[in-house]
Amino acid sequence: MNLPRPVSGVGVVLERADGLVAIGHRVTRGEHPSWSFPGGHLEGGETPVGAALRELAEETGVVAERGSPFAVCVRTAGSGVTFAVHVAAPSGAELTVTEPHAVDAWLWADPDELPGPLFTHTAAVRHAWRHPGTALAGWDLHRLVR
């Protein structure tokens with residue numbers, strides 16, 4: 001089997017106090033439109049939490065100071081490793097479209113009733129968060145214990 005080298009990324013569960021989470025309508029050129037949590041690739045020297053907070057600010061305009069990694073999602077049906085990071089939304093956080101070429105809308109949604117289709121990595125992060133310890137086809141999910 002000849003798979004591409006894995007890329008390390010982050011998926012951010014930005015959760016408000018009322019339980020709603022941030023989800024964006026992904027319109028990246030060359031991909032089918034889908035819905036995605038904030039996230040992206042780690043840059044050299046970054047920690048998963050650092051990358052999550054940077055991507056969150058870049059993509060949504062929401063600036064947060066802390067995040068908690070809760071899972072590592074390894075894609076076995078392709079390539080890629082996604083670090084899942086939970087971030088409590090700061091009080092009054094507003095989602096802003098800052099990269100309209102990548103995401104043309106952000107909204108707050110019930111994590112169990114997200115719009116679809118979901119971006120593959122977002123589906124894995126949500127599954128690891130909402131259904132810890134259960135398998136997901138095409139993924140090897142590892143819950144982090146703190």
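**Legends for a predicted model**

View 1. Starting at the N terminus, the elements of the protein follow the order β-β-β-β-α-β-β-β-α-β. The radius of gyration is 14 Å, close to the 15 Å that the globule rule gives for 146 residues, so the protein is as compact as a globular protein of that length. That makes two helices and eight strands to find as you look around this predicted model. Along its principal axes, the C-alpha trace spans about 45 × 40 × 35 Å.

**View 2. Helix α2 and its buried residues.** Here we turn to helix α2, which covers residues 120-130. Its buried residues are His121, Thr122, Ala124, Val125, His127, Ala128 and Trp129. An α-helix has 3.6 residues a turn, so residues three or four places apart point the same way.

**View 3. What lies over α2.** Strands are part of the cover on the buried residues of α2. Included in this cover are β1 (8-15), β2 (21-26) and β3 (34-36), along with β5 (68-75), β6 (81-88) and β8 (139-143).

View 4. Of the contacts in the protein with a separation of 6 or more, 65% come from residues 24 or more positions apart. Buried residues make up 40% of the 146 in the protein.

**View 5. The surface and its charges.** The protein exposes about 7900 Å², and carbon and sulfur atoms supply 52% of that area. Look as well for the charged side chains: 11 are positive and 16 are negative. The centres of these two sets lie 6 Å apart.

Note on methods: Residues are numbered from 1 along each chain as its sequence is written. This is a predicted model: local features need pLDDT of at least 70, side-chain atom pairs count only at pLDDT 80 or more; totals for chains, interfaces and linings use all residues. Side-chain values use heavy atoms; hydrogens and water are left out. Helices (H or I, at least four residues) and strands (E, at least two) are DSSP runs, numbered from the N terminus. The radius of gyration is taken over C-alpha atoms; the globule rule is 2.2 Å times the number of residues to the power 0.38. Buried means under 20% relative accessible area, exposed over 50%, partly exposed in between (1.4 Å probe, protein chains only). Contact means heavy atoms within 4.5 Å. Accessible areas come from the Shrake-Rupley method with a 1.4 Å probe; for residues, only the protein chains shown count as cover. Lys and Arg count as positive and Asp and Glu as negative; His and the chain ends are not counted. The place of a charge is taken as NZ of Lys, CZ of Arg, CG of Asp or CD of Glu.
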